[in-house]
Amino acid sequence: MRGLLCASALAAALACPAPAGAFTLLGIHLWGAREDENRVEVIDPLTYTVTLDVTGPGAGLRAGLQRASSLWTGRNDPASGTGGLLSVARGDYRRLLAALYAEGYYGPYVSITIGGKEAADLTLAREFPQDVPVAVRIDTGPLFRFGTAAVVNPPPEQISANDEVGTLDSIGYKTGRRARSAVVTQASALMIEQWRQVSYAKAREADREMLADHANDQLDATLTLDPGRPAHYGPTKVVGTTRTDPAFIAFMAGLPEGRAFDPDDITAGQARLNRLGIFRSLRFEEAPEILDDGSLPMTISVEDRAPRTIGFGGTYSTIDGLGVSAYWMHRNLMGRGERLRFDASVDGLGASLDPQDYDYNLGVTFTKPGVLTPDTDFVTSLVGSKVNYDTYSERSVTAKAGLQQSLGRFITGSVFVLASRSRFDDDFGIRHFTKFGLDGTFQYDRRDNKFDATRGYYLAITADPFYEAEYGNTALQTTIEGRGYLGFFEDRKLVLAARALVGTYVGASIEESPPDMLFFAGGGGSIRGYSYRSIGVPFTNADGVSFTAGGRGIVEASGEVRYRFTDNWGAVAFVDTGFVTADPTLSGDSDFKTGTGLGVRYYTPIGVLRGDLATPLERASGDSRVALYIGIGQAF
């Protein structure tokens, strides 16, 4: 009988096996996971209600403390049972104290009760009902100010004027100032950066002492720095590249062996290499230690981008029609950052059905960076154009070659030698011009963003002297343009933007000058509401025929109020005005032309999409009442 029981038990065990991967015989676990190990404990969600009260001199911090409290920010989501609620509550003590210290309150009282009991005293054995009341009570205590704000081993006070490093006073690390905890950390980082600016690459914070004097509501803070040794650049190693010459990367980084270490050199080198556009990723790494000879080896890690790229663009105006453009570029032609780019564009689509009325541009540009110095580029181009404006039509071919030079973080300049052959058809008749000259540009750019500035300013000066062989004239065109931006409110959502341009042309008479070197106004980048390059000066020829010609002086001004009301949408109100004169001294008869209107902006990861609706205030015969402009980027 006993054998039958055993056989029956064995059959039952085999007929009802344990979960896959485990085996149990007669209640004895042989292998695999135990049955109880496969059980998942289900924790019932626990709902709660929460109040957060703030008293004391810092009661105005209520909103910030609410953001710091996970109990408050997660109040609409149930906790993971008793353990989850207690964990969040206990973490809130630390988070709330940190938020108070950050504002300069070092003597607060923080109480967090769950069901009337202090959270710090509760254990997991405590069970709570649903909708258990949670109360957070905070007394901020008095505001503390710095009693002592000291630095042991401070950096030298005299640093280069080119080093844009703040001061302890500018960040508030000073006796009598509000003792925010973050200010101490900022002061440490600032002092270390100042040591690095004078070649102490491994300066560090050795000690930090912060004592709260509750009797006097003061915080005594002392930072002790260890500057280490001065360093100079050692060898620069390049890793990760497969297409680009490592020696070229090291040259463009601009960190020659033996030069004294300066973090601004590294920042400039990163910007210079990023401008090449040939790297997917780029990282400068300092060696962990300064070598015995005082050198600091550097490593540049890069990842190459695909060398070929294409791009497209477009604009639209109800006056000038649709414009489309495209380019193809090889951005690392011979492994040293050389760029070969082909551009093509067609404008005026829709304004006419005749392809002869469209504007065509076709060009090729070759750029070789790092000639002479890491900041010098050689650029040469060949461009052919056929354009039709209200005031003239042009067919031309222009060749240019020259150098572009970066002179620090904010200044760039360029000088090109050019030659062009052009044919113009206007009210003077058909004229041909052969031009040889120079094209010089100087730019000083302190904008925070070149394509969507919210603060800063920009200055550009151009000078284009040339000799025209058909009429034997020498002339000079110069312009000065300035732009300024001022942002307001959080994240500078409101921006006031202004632009002004003044230009003069001296030398040849209007009738013997190439129209593209004379001044015209009007269009999306000039005075909106008027056709592109349609505003000039009245001119009467020898036959007594009057028409609009280019001028020898110009003044333009624009103002915009930009407001970004969501992450993606913004609105603009603008006014553009200006005049063109026949006299290069800007004197003589001239008519102001003004356009005004409203616009919309749509912000995308690739740039700002612009739509402007403008009306001319001095509308002449042939001018539209309203003009719509659509393009990419801000108007200026």
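1. Buried, to start with the term itself, means under 20% relative accessible area, exposed means over 50%, and partly exposed is in between (1.4 Å probe, protein chains only).

2. A word on the model: it is predicted, so local features need pLDDT of at least 70 and side-chain atom pairs count only at pLDDT 80 or more, while totals for chains, interfaces and linings use all residues. Residues are numbered from 1 along each chain as its sequence is written, and side-chain values use heavy atoms, with hydrogens and water left out.

3. On confidence, pLDDT (the predictor's confidence in each residue, from 0 to 100) averages 90 for the protein chain, and 92% of the residues score at least 70. I'd treat residues 1–21 separately: pLDDT stays under 50 there, and the model has ten contacts for them beyond four places in sequence, a contact being heavy atoms within 4.5 Å.

4. Back to charges: the count comes to 33 salt bridges. One of them joins E338 and K368, with the closest N and O atoms 3.3 Å apart. E338 sits in the loop between β14 and β15 (339–349) and K368 in strand β16 (residues 359–369), so the pair ties together parts 30 residues apart in sequence. Strands here (E, at least two residues) are DSSP runs, numbered from the N terminus. E338 is buried at 2% relative accessible area, whereas K368 is partly exposed at 26%.

5. Have a look at R601 and E560 as well: their closest N and O atoms are 3.9 Å apart, and both residues are buried. Both also belong to a salt-bridge network that includes R528, R562 and D576.

6. Which strands does β13 pair with? Pairing takes at least two DSSP bridges between two strands. Strand β13 (residues 308–317) runs antiparallel to β14 (residues 321–330) over ten bridges, and the two form a hairpin with three residues between them. R308 has H330 as its bridge partner. β13 also pairs antiparallel with β30 (residues 627–632) over two bridges, where Y316 stands opposite I630.

7. Finally, there's an open four-stranded sheet with mixed pairing, in the order β3-β6-β4-β5. β3 (48–55) and β5 (117–118) are at the edges with a single partner strand each, so one side of each has no neighbour in the sheet.

Conventions:
Salt bridge = Lys/Arg side-chain N within 4 Å of Asp/Glu carboxyl O.
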